[in-house]
Amino acid sequence: MGERHGGGGRFGRVFHAAACWLLAFVCAVSAWVPGGAFGDEAASDEAPSAAASSEAVRTVRVAFPQQFRVMWTDESGVRSGYTYEYLERIAQYTGWNYEFVAVEGSGAAAFEKSRELLAAGEVDLVAGIMSSEQSRSSLALTRESYATLGIVLLASAERTDNPLVSASADRPLRVAAVEKSTLLGELESFCARMGIAYELVNCADVDDSKAAVLDGRADAVLATDMAAADGLRTVGHVSSHPLYFAAAQGDQVLADKLDAALERIDSADPMFRSRLHDEYFTQASGAFVLSDDDRSFIAAADPVRVGVLSNQPPYQYEENGELKGIAVDLLEVVAAKTGLNFTYVPAASEDELDGLSEQGAIDLVACFDYNYAAARERGLSLTQPYVTASYVLVANEGASNGDIAGKRLAISSSSRYDGMFIGDAVRFPSVAECLQAVVGGEADYTYVDEYVMQYFLNMPEYRGVRVAPQTHEPRRVSFGVVRTGDGRLLGIMDQAIGSLTEVELQAVINGDVLREQPFEIVDFVRAHPFEAFATVAVVLLIVLLLILVILYQRARANAKTALDLKKRLRLYALCDDYFFEYDKRTGSLVISLPSKEGQHGVAEPITVNLGSDSFALDEEQKTSFLDLLRSRERRVEEVRLPDADGIDHWLRVTVEPVDDAGRAAYAVGTLKVIDEERSEKDELMAKAERDSLTGLLNSETTRRRIAQQVDALGEGERGALIMVDIDRFKEVNDTFGHLEGDHALVDVARILRESFRVGDVVGRLGGDEFMVYLNNVKDSAVVKEKCEAVRRAVERRASSDSERRITISTGSALSKPGESFDDLYRRADEALYAAKRDGRNRCSF
């Protein structure tokens, strides 16, 4: 593309002269043609009259409803929006000032209020009016529209299907719309034309209708393409309407001036409306949803083979055997979004890349200029562009005066441009070599895009070139998909690229264009020989001085270290704890034992080799202890380790890491024997977990341990919970006294403890209630048999007085993986209640 502009200077001058002549002719004709666009302002060939030139600038009152991206005032009072900018552009041609009159409300109500203000003479101008018989008869509409309003159906961006396709008579399309909306007639016509069965979901306002889609009350919302659509995507275009400016019926002068300005804008800048629309309404939402068909294609697809040229930085190139560049990094982003896998096939030239495509060795071309004709010639389908970059002219001193006529143009041999050149065109294998030719004087200038230039400007050898921006059409780069008749890969790639926001795209581009280039000392010396020599001399002198200083400091440090060691050992002797130092780099552990001479002695350091056989630790203990010593954080833990005689002791180990310049170097700390303290702690813990009367686990401990075992159940494993209750225990207390009742509780606890395994959980919940949990139960028959055995054992409890014999009822339930303790408890308790209800002294499962 850049080469085409190499010969554009001559044609540009001819075109400019012709355009100036044509403009002068149009202005002369418009001055006398009756009824022309500007005829009422140029009544004769004479200069404007004094009255006309002194006419006061008109202030036009404009109705200003708040509509995001259309007419909007932010919190700081700054106005913006599509319509607002269009009005300001019109004012450049009319000379008007504006007074914006705020209109309350939103949507159709705001526009209806605007029309009322216009009819009442409180405003002069209303924007966004659709042409209808009523509006044409009551308002002065402009002949030219200034925007096109699309009526669309929006669905949730998270939805993978199109609800319009899946709608049927049995399940009509649910369309959310504001009640009595003026758009309902168009929806009815659209659905009738497309054969779509639908039903309305009436909503209070626009926000409620969008919320209805997001929360599932509706399948789609009837809206306009100018409204905010966060979380939604377009699934159907219902219709479109031109939008007009409207003045009051009697103010035709205002409408005519508006028409004249609109015509002038379209004539002078035909792309103004398109650019403004893209700025405010064409924004990547970042939403990306694959259809079920796309997901199936991705799941079954082989890795996509991508042809990558190895010599086109920053878009695609090979460095140290690895393919890099904007295209490669962008494909990694696409892979993360879609689940596609990409594998890269390097190629040294465009011809080699074409050969790979023809042989079916690649599925995708990483970097292709957005040109349909060239793509069709090479059998490719193009995605939407992922890069748009302006061209720049790069020149050396030979073209420093800006005149490129007769100069040598460096052009890449891969370029397919075959038009005219000014001067001689010299071809080089790559863009990089074109730039090198300009720097080396083999050519005078070349054209590259701004990203290529920025990449090379980071290198020292290119910093002396001259760069001038070009005004012609920018370069657009896309992916080329090898045509196979199946467009799904193209569709997925296109959708993924379209979902990327400007921030995401620019992050990829910046990462490759603004790469830090390595500093080459040779380049510095070549450019600054005197400074380089002086720098080397100064550095050598500083190194020599540093060596002398280091030797002196080391001697002083050694003496200070010896003194510090002596003080530290004397300090250790004053304490009963064992101090240690662990060298993480060598694995050496030094323990300072308390002095045998008391406070007047010096601690005795001993070195321990954790890997020796004399240090009696098994592998698990050794691994755990080393992990503690190597910790990068301060830790205090109680561990059980054997001494040299193999006797286990409880130790409280305090570890404090010491880093050297951010790297783990040492660990220091203390070892304190806490056998007595630990014994007392364990005894207190055991008492705290036991029921004081029966010696069984208390209620809290029982519930906690059972819950832990239930949570730990694996697939296929079963347990059983048994609830035990003494029948009519209150009568025992009332008849024989609480002492006899306590004896009964102790006897039942003893029977339960003797009837179950050591690993089973047996506890007293309180009063006459007990709970047992059996782990690793095969089936319900085992549980029922165990419950019957316990019941009979209690029934046979020895007593001198048969009237004081007691019975129990049990309720049991099998546990299963994923079930909570509360659910298991509820089922067992229901079974116990059934046993009580059925007469007591029985077991219920």
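The lining of the largest cavity has three nonpolar, one polar and two charged residues by class (Ala, Val, Leu, Ile, Met, Phe, Trp, Tyr, Cys and Pro count as nonpolar, Asp, Glu, Lys and Arg as charged, and the others, Gly among them, as polar). This is a predicted model, in which local features need pLDDT of at least 70 and side-chain atom pairs count only at pLDDT 80 or more, while totals for chains, interfaces and linings use all residues. Residues are numbered from 1 along each chain as its sequence is written, and side-chain values use heavy atoms, with hydrogens and water left out.

The residues around the largest cavity are Leu353, Asp354, Ser357, Val365, Arg378 and Leu380. Helix α13 (residues 350–358) gives the most to this lining, with three residues; helices here are DSSP runs of H or I with at least four residues, strands are runs of E with at least two, and both are numbered from the N terminus. The space inside comes to about 30 Å³, and the count is one cavity of 30 Å³ or more. On a 1 Å grid over the protein atoms alone, a cavity is a set of points where a 1.4 Å probe fits but cannot get out, whereas a pocket is an open set with protein on both sides within 12 Å along at least five of seven lines; lining residues have an atom within 4 Å of a point. Grid points are joined across faces, edges and corners, and the volume is the space filled by probe spheres set on them.

Helix α4 (107–119) gives the most to the lining, with six residues. Other elements that each supply at least two lining residues include β5 (125–130), α5 (133–138), β8 (173–178) and β10 (220–224). By class, the lining of this pocket has 22 nonpolar, 15 polar and seven charged residues.

Next come the rings. The structure holds 16 aromatic pairs, where rings of Phe, Tyr and Trp (its six-membered ring) pair if their centres lie within 6.5 Å, and planes under 30 degrees apart count as stacked, over 60 as edge-to-face and the rest as tilted. Phe64 and Phe100 make an edge-to-face pair, because their planes stand at 75° with the ring centres 5.2 Å apart. Phe64 belongs to strand β1 (residues 59–65) and Phe100 to strand β4 (residues 97–103), so the pair ties together parts that are 36 residues apart in sequence. Both Phe64 and Phe100 are buried (buried means under 20% relative accessible area, exposed over 50%, partly exposed in between, with a 1.4 Å probe and protein chains only). A stacked pair is formed by Tyr146 and Phe245, at 4.1 Å centre to centre and 15° between the planes. Tyr146 sits in the loop between β6 (139–141) and β7 (147–156) and Phe245 in strand β11 (residues 232–248), 99 residues apart.

Arg79 lies over the face of Phe64, 5.4 Å from the ring centre, and the charged end of Arg703 sits over the ring of Tyr825, 5.1 Å from its centre.

Asp449 caps the N-terminal end of α16, with a side-chain oxygen 2.8 Å from the backbone nitrogen of Tyr451. The buried residues of helix α16 (residues 450–457) are Tyr451, Val452, Met453, Tyr455 and Phe456. Asp779, in the loop between β34 (769–774) and α26 (780–795), has a polar side-chain atom 3.1 Å from the backbone nitrogen of Ala781 and one 3.3 Å from that of Val782. Asp779 is partly exposed, at 37% relative accessibility.

Finally, the backbone. Most residues other than glycine have a negative phi, and most peptide bonds are trans. The peptide bond from Pro313 to Pro314 is cis, with omega near 0°. Arg728 has a positive phi, near 50°, and is partly exposed with a relative accessible area of 45%. Phi of Asn841 is also positive, near 50°, and Asn841 lies in the loop between α27 (821–837) and β36 (843–844).

Definitions and conventions. A polar contact is a pair of N or O atoms within 3.5 Å; within protein, one must be able to donate a hydrogen and the other to accept it, and residues adjacent in sequence count only if both atoms are side-chain atoms. A charge sits over a ring if NZ of Lys or CZ of Arg is within 6 Å of the ring centre and within 35 degrees of the ring normal.
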